[in-house]
Structure formats: C-alpha cells, structure tokens
Amino acid sequence: MATLVWDYLNEYHAERDDILDAVETVFSSGRLVLGESVSSFESEFAAYHGVSHCVGVDNGTNAVALGLQALGVGPGDEVITVANTAAPTVVAIDAVGAVPVFVDIDPATYLMDLDLLEAAITPRTRCLLPVHLYGQCVDPRPLREVADRHGLVVLEDCAQAHGARTHGAPAGSLGDAAAFSFYPTKVLGAYGDGGAVITSSAEVDANLRRLRYYGMEKTYYVVDTPGHNSRLDEVQAEILRRKLGRLDEYIARRQAVADRYAEALSDTDLTLPAAATGNSHVYYLYVARHPRRDDILAALAEHDIRLNVSYPWPVHTMKGFAHLGYSEGSLPVTERLAGEIFSLPMYPSLPRDTQDHVIDTLRSVLGSL
Ligand SMILES: *Cc1c(COP(=O)(O)O)cnc(C)c1O
C-alpha cells in the first residue's frame with residue numbers, strides 16, 4: 001500500500017465511539033444550527049488560548065476573510081503577508097477587496113522575514129498578516145511593535161499552528177484577531193470543514209457574529225451591513241470539542257514523530273526543520289530541504305512513498321495573482337526554497353513501522369544520489 005503524508009483512519013478507529021457519540025449528541029439535541037455545541041466549543045477554544053472571544057465559522061479561508069472585515073480591512077487596503085503559504089491566505093485577502101503585499105521569508109524558519117516589514121509599509125497599509133507556517137510562530141513581539149508604530153492591525157493566520165507557543169504564549173493570543181482552520185489535516189481537525197476566529201476585543205467579536213450570520217444580529221432580523229452565511233456546523237463543533245481535549249496529546253505525538261525523524265536523519269545532508277528560539281513547534285508539517293528535491297521525490301515514488309511539497313508554487317507566481325505585478329526573482333528566498341522543500345509523513349497516529357519505512361527508504365535514496 002502507498003505511504004501517505006496524511007491519513008485519519010487510524011485515529012478514527014481509535015476514537016470512533018467518541019466521534020459517533022458527538023454526532024448522536026447533536027442529532028438528538030433538537031438544535032442543528034448554532035446550538036449548544038458551537039457556543040460551548042467557542043468558550044472552550046477561547047479559554048484554551050486565554051482570550052475572551054471565539055467565533056466559529058465555516059472554514060479557515062472565511063476565518064481569514066471575516067477576520068479582516070471584522071478588523072475594518074476592506075477594498076484598497078494593503079495587507080502585508082508572505083507568498084510561502086497556502087493559497088487560501090491570499091485568496092481571503094483578495095475576497096475582501098484588499099491588496100496582498102508580499103515580503104520574503106527567513107531561510108531558517110520559512111516564516112515572514114520581519115526585517116523586511118518596514119520597507120513594505122505604504123500609506124495604504126492597514127494590516128500585518130503573519131502566517132504561523134508548518135506549526136511554529138512568527139515572533140509576534142517585533143511584529144506588534146511595527147504595527148503599533150504605524151497604526152496597523154495584526155491578524156494571525158493560525159491555520160497550521162493550533163497549540164503552538166512562542167515565548168510561552170499560544171499562537172493566536174497576541175494579534176488583534178487570529179484565524180484558525182479545522183480542515184481535517186490540521187493539528188486540530190474536524191470531520192469536514194470548520195474554522196474560527198479568536199480575539200480579545202468585544203467589538204471585533206460582535207462584528208464577526210454579524211458577519212457570519214448574513215450581517216444580522218442573531219435575535220434581530222435586520223441587516224445594516226450585508227455579511228455572509230459562514231456558520232460553524234453544529235456537528236463539527238461537537239467533534240471539535242471532544243478533540244480539543246486531546247489537542248495537547250496530538251501535539252506531543254507529532255513532536256515525538258519529529259524527534260524520531262531528527263534523530264534518524266541528522267547525519268544526512270538534508271536540512272531539517274528548526275524551531276526558532278522561544279518557539280514550541282507543533283509540526284503540522286515536517287518540512288525538510290535538499291537541492292536535489294525532485295530526484296529524491298521521484299526515487300521515493302518508485303517505492304510507493306508519495307510525499308507532498310508545501311508549497312511548490314509561491315502565491316505571487318500564480319496566474320490568479322499575476323495582476324499584483326510581482327515578477328520572478330522578486331522574492332528570491334521564497335522562490336529558491338520552493339524548489340528544495342518537501343514534507344515527510346506527519347500525523348499523530350502515524351504508525352511506527354511506517355516511520356521506519358520512510359526513514360530507511362529515504363536514507364537509501366540519499367545514499368545513492
Ligand atoms: C488550511 C489553510 C487555510 C485555509 O483553511 P480552509 O479551512 O481549508 O479554508 C488558510 N491558511 C493556511 C495557512 C492554511 O494552511
């Protein structure tokens with residue numbers, strides 16, 4: 001059987017009773033949309049982050065888009081982010097009519113290079129949108145400092161960083177708001193789509209609640225500003241509540257897999273992921289790097305080990321964003337690393353013999369390059 005980068009079936013078999021009980025709880029509750037499970041999950045997810053508000057939404061892309069709108073970011077506003085991210089980060093900026101502005105990345109962490117921020121700020125800049133990519137955080141302290149100095153808001157894209165910490169603080173607790181995805185592959189994954197935005201601002205919370213509900217107050221059937229239908233599904237919320245209780249355990253298991261890879265591959269000429277000082281990395285992805293990446297992936301595929309690249313095409317090189325006017329060479333580190341990175345299989349229930357198989361095969365492939 002092919003070795004996959006991600007799979008949820010082992011986990012489902014282990015947690016089946018709890019997951020099916022979550023479904024039964026909602027179906028027998030008498031309330032299928034915006035009921036007890038969504039509001040309980042919202043309180044519990046906010047508490048996990050030590051913030052006062054959480055608003056469940058339908059997916060991570062809309063979490064970013066609604067987060068921007070709730071912070072007052074709209075048409076023509078510039079939002080500074082990175083091109084080394086999942087395209088939805090940028091799709092969401094585009095969806096609210098704002099203009100994505102890309103800065104290059106730090107080659108050691110693959111995260112936004114904070115030294116390049118100041119130079120990217122213009123009179124139209126409204127928002128800094130760091131992406132806590134692969135499972136570790138952009139350092140929010142210098143980011144906050146730059147934002148405050150220029151009067152900007154900060155929206156964290158936490159879709160890959162549930163439970164990650166930086167200098168002790170959870171990802172998502174330091175910006176004006178933070179967007180999460182619960183797409184099944186994520187560190188906290190639903191059994192379908194889901195997302196959330198957290199914030200410590202009562203005003204941003206109220207904006208989000210209207211935005212996800214057509215633009216209406218829930219008890220007041222009037223629209224002042226048109227919104228969306230972006231509610232978190234009640235069944236997914238109940239499943240997420242159950243899984244939130246196991247989040248730290250999932251993370252520990254990901255970290256154990258990462259430790260194993262690090263130990264078994266540290267004497268090869270792969271560049272292995274490194275956690276920045278002060279960061280606890282949750283390894284949404286385990287991203288390694290090698291100049292002969294394509295040869296390595298082709299050789300592994302012959303052994304039926306099919307690995308992913310996240311991401312092979314930086315967003316600024318995509319046809320859909322050509323109108324932004326970035327030419328090739330404008331983000332040299334992002335572009336170079338996109339040709340060298342690849343992801344090893346990573347999920348909490350990854351069997352030990354699969355890890356061994358990947359390690360042994362990869363070592364033999366590297367030995368015969
Ligand atoms: C997954 C992801 C998203 C989008 O989340 P969806 O739930 O798939 O809409 C946004 N940003 C990043 C960085 C992601 O990894």
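Is Tyr 191 buried, partly exposed or exposed? Tyr 191 is partly exposed, with a relative accessible area of 25% (buried is under 20%, exposed over 50%, partly exposed in between, using a 1.4 Å probe and protein chains only).

A quick note before the views. This is a predicted model, where local features need pLDDT of at least 70 and side-chain atom pairs count only at pLDDT 80 or more, while totals for chains, interfaces and linings use all residues. Residues are numbered from 1 along each chain as its sequence is written, and side-chain values use heavy atoms, leaving out hydrogens and water.

**View A. Ring pairs link Trp 6, Tyr 8, Tyr 12 and Tyr 191 into a cluster.** Rings of Phe, Tyr and Trp (its six-membered ring) pair if their centres lie within 6.5 Å; planes under 30 degrees apart are stacked, over 60 edge-to-face, and the rest tilted. The whole structure has twelve aromatic pairs. One of them is Trp 6 with Tyr 8, stacked at 5.9 Å centre to centre with 25° between the planes. Tyr 8 also meets Tyr 191, with centres 5.9 Å apart and planes at 90°, so this pair is edge-to-face. Tyr 8 sits in the segment before helix H1 (9–27) and Tyr 191 in the loop between S8 and S9, so the pair ties together parts 183 residues apart in sequence. Helices (H or I, at least four residues) and strands (E, at least two) are DSSP runs, numbered from the N terminus.

**View B. Lys 186 sits in the loop between strand S8 (177–181) and strand S9 (195–199).** UniProt, in an unreviewed entry, lists Lys 186 for "modified residue: N6-(pyridoxal phosphate)lysine"; such annotations may be inferred rather than shown by experiment, and positions follow the numbering used here, with feature names shortened. Lys 186 counts as buried, at 13% relative accessibility. Not counting residues up to four places away in sequence, Lys 186 touches Ala 159, His 162, Ser 181, Arg 254 and Tyr 284 (contact means heavy atoms within 4.5 Å).

View C. Leaving aside neighbours within four places in sequence, its contacts are Pro 170, Ala 171, Ser 173, Phe 180 and Ile 198.

**View D. Three strands make an open antiparallel sheet, in the order S7-S6-S12.** The edge strands, S7 (169–170) and S12 (279–280), each pair on one side only. Strands pair if DSSP finds at least two bridges between them. Two bridges join S6 (residues 165–166) to S12, and Thr 166 stands opposite Asn 279 in S12.
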